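My entries follow the display.

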Amino acid sequence: MASTFGTLFRITTWGESHGGGVGVVIDGCPARLPVSLAEIQLELDRRRPGQSAIVTQRKESDAAEILSGIQDGLTLGTPISIMVRNSDARSRDYDEMREKYRPSHADFAYDQKYGIRAWSGGGRASARETIGRVAAGAVAKKLLSLCFGVEVLAWVERVQDITCPEIDELAVTMDEIEATAIRCPHPEIAAQMIERIEAVRKDGNSVGGSIRGIARGVPTGWGEPVFDKLEADLAKALMSLPACKAFEVGAGFDGTYMTGLSHHDAYVADAERRVTTRTNYSGGIQGGISVGMPITFRAGFKPTATIMHELDTVTVGHENTTLKGRGRHDPCVLPRAVPMVESMAALVLADHALRQSAQSLTIP
């Protein structure tokens, strides 16, 4: 099973949802980067279950343990290993799933591929796997901020048909995003989103929506021109998240309704001959390479697959049956997916930052 992501800044996540714990090994992080346990824990607290009434009520502290690679608050340049122990798994909630496949889950696909699966909690297919990504994302964010002046932010833009009005993407802050349980920086719309999620939760149902992201301060030159285009790596990173079913950069699908003339991002130079573009329909990327404009993107997440309704499915013996959802699940994945989106974007950018630094040596 492939569980490693990245080229120079590489991560390998490990662990199952109902096992002893989950975690990550980060390889390729430069030495002497100041990283504290508190910074990692802050990101994990944004992702953890039970943080509000609109997310799963599984009670996990998600307390991080740094096992290697950091000493006295500084990275050593060696592999960084971070672990989070599981403490509130209720495998009995999944007893029925031993013999039945949950519809719209990975159960059937895992059995077909491996001939075995972790039926309790979904194993590696569980969103609990993303703990390792978010922990690693905290390190990547610190690298980007301290060494390159780059900030990555994301927020809930839409829940079902409730959409946040356009906001100033260059000015939105983490505090504004974190001010509401749904992580939407528009308080009035956030209240409507929360009301919708509470309503579907009471009905035993779920909803999806979209998350908007931005990377500010990305310099020119990051990314590769062919297979490792910056937007291609971002797409792979975001689409690898549980429940993510759509991705776009810049104007995305809206750009397909435009003409070439209206979609052009015209280059302009200021008095100091610094080049920018008047518009940013391409989302800060041209030819797979960053051009110095903010990188903007959007990720779409499907409704949570587990709902408290009787659904048609089949047994492991391929006989027709029904199954009703049990356990503790998010009625909407979006609020907890925000730090996941930020982390995956940060991991891609940190990797390409190091790749660009490695090849931009001055030859005498």
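I looked up tyrosine 114 and found it partly exposed, because its relative accessibility is 36%; the class lies between buried (under 20% relative accessible area) and exposed (over 50%), with a 1.4 Å probe and protein chains only. Tyrosine 114 belongs to helix H2, residues 107-114. I note that helices (H or I, at least four residues) and strands (E, at least two) are DSSP runs, numbered from the N terminus.

This is a predicted model, in which local features need pLDDT of at least 70 and side-chain atom pairs count only at pLDDT 80 or more, while totals for chains, interfaces and linings use all residues. Residues are numbered from 1 along each chain as its sequence is written, and side-chain values use heavy atoms, without hydrogens and water.

Next I turned to helix H1 (residues 37-47). Its buried residues are Ile40, Gln41, Glu43, Leu44, Arg46 and Arg47. I found that their cover includes strands S4 (64-68) and S7 (80-85), as well as helices H3 (130-148), H4 (174-178) and H8 (334-359).

For cysteine 29, the nearest cysteine sulfur is that of cysteine 147, 8.5 Å away. Cysteine 29 is buried, because its relative accessible area is 3%.

Definitions and conventions
Contact = heavy atoms within 4.5 Å. Disulfide = S-S within 2.5 Å.
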